Amino acid sequence: KALLAAFEASSLLFPGPILAFDLTLFAAGSALTLLAGSLALKLVGTLVVTFAIVRLFLVGHDACHGSFFGSARLNAACGRLAFLPSMTAYSLWEVGHNTAHHGFNNLKGRDQVWAPYSKAEFDALPPHRQALERWYRSGLGWGAYYLVEMWWKKLYFASHKEIGSSRRKYKLDSLLVTAGALVWLAAVAFAARATDQSFVVLYTLAVVVPFLLWNAVIGFVVYLQHTSPSIAWFLNRHEW
């Protein structure tokens with residue numbers, strides 16, 4: 001703790017401009033996607049939006065750990081803002097990542113990301129689930145795994161069954177994410193109407209594709225971090 005103390009102090013001089021830059025990058029990429037005349041430029045904008053979502057998620061991740069700003073209130077407020085483009089509910093990420101993952105790293109039943117199956121466990125799965133698990137781990141399904149198994153089930157209006165608890169702040173943060181998504185949707189609709197473009201095309205390029213690409217990126221990253229024959233997983237607390 002003494003060695004880490006020197007790194008705990010934080011001001012607005014470094015993290016503030018980083019957050020401002022990433023938000024500007026997201027806005028600029030969105031503007032390019034929505035307003036550019038050529039499809040090529042719109043696709044460049046799509047990639048910029050995706051890149052900005054990844055960067056903003058990293059800000060939200062660090063803020064949720066309390067390590068972005070020196071102020072707990074700033075971390076909570078700016079972390080929630082940074083998580084909006086990835087549609088991640090701040091408090092649900094906190095319980096799933098900070099508590100379950102870091103608190104019980106690689107303990108099956110508690111750490112919830114990419115937990116491996118033993119041969120016997122896999123053989124006991126119904127055929128459709130076996131096929132799904134093979135696809136998830138094939139390289140083509142990393143993004144689908146995160147989208148379905150993590151985001152949809154655990155990071156957006158998560159049920160008590162999925163995360164083991166139910167609190168008011170989880171629902172409020174999920175409502176905040178929903179409000180952010182509706183504002184995003186309204187901006188796309190306004191741009192489509194103002195420029196006489198197809199709403200479906202703009203929504204696909206400005207929202208759907210970046211969100212799916214983001215899921216592919218984070219699914220790939222966490223797959224690499226959790227999956228290797230050299231990475232130990234534990235079956236019970238005593239063993240862990």
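**Pocket, histidine and core**

I began with the largest pocket of this predicted model, and found that 26 residues line this pocket, with Gly109, Asp111, Gln112, Val113 and Lys154 lying nearest its centre. I noted a volume of about 570 Å³ for the largest pocket. Sorting its lining by class, I counted 10 nonpolar, 5 polar and 11 charged residues.

I then asked which helices each supply at least two residues of that lining. They are H5, H7 (127–136), H8 (142–154) and H9 (160–163), and the largest share, 5 residues, comes from H5.

Staying with H5, which spans residues 90–103, I looked up histidine 101, which has its place in that helix.

Next I turned to the largest nonpolar core, which has 51 residues, and in which Leu19, Trp114, Tyr146, Trp184 and Trp214 touch the most other members. Among the helices that each supply at least two residues of this core are H2 (15–35), H4 (72–83), H5 and H8, while the largest share, 9 residues, comes from H3.

Last, I followed tyrosine 146 and, again setting aside residues up to four places away in sequence, recorded that it touches Phe57, Trp93, Trp151, Leu155, Trp214, Asn215, Ile218 and Gly219.

Definitions and conventions:
Residues are numbered from 1 along each chain as its sequence is written. This is a predicted model: local features need pLDDT of at least 70, side-chain atom pairs count only at pLDDT 80 or more; totals for chains, interfaces and linings use all residues. Side-chain values use heavy atoms; hydrogens and water are left out. Helices (H or I, at least four residues) and strands (E, at least two) are DSSP runs, numbered from the N terminus. On a 1 Å grid over the protein atoms alone, a cavity is a set of points where a 1.4 Å probe fits but cannot get out, and a pocket is an open set with protein on both sides within 12 Å along at least five of seven lines; lining residues have an atom within 4 Å of a point. Grid points are joined across faces, edges and corners, and a volume is the space filled by probe spheres set on the points. Ala, Val, Leu, Ile, Met, Phe, Trp, Tyr, Cys and Pro count as nonpolar, Asp, Glu, Lys and Arg as charged, and the others, Gly among them, as polar. A nonpolar core is a set of buried Ala, Val, Leu, Ile, Met, Phe, Trp, Tyr and Cys residues joined through side-chain atoms within 4.5 Å. Buried means under 20% relative accessible area, exposed over 50%, partly exposed in between (1.4 Å probe, protein chains only). Contact means heavy atoms within 4.5 Å.
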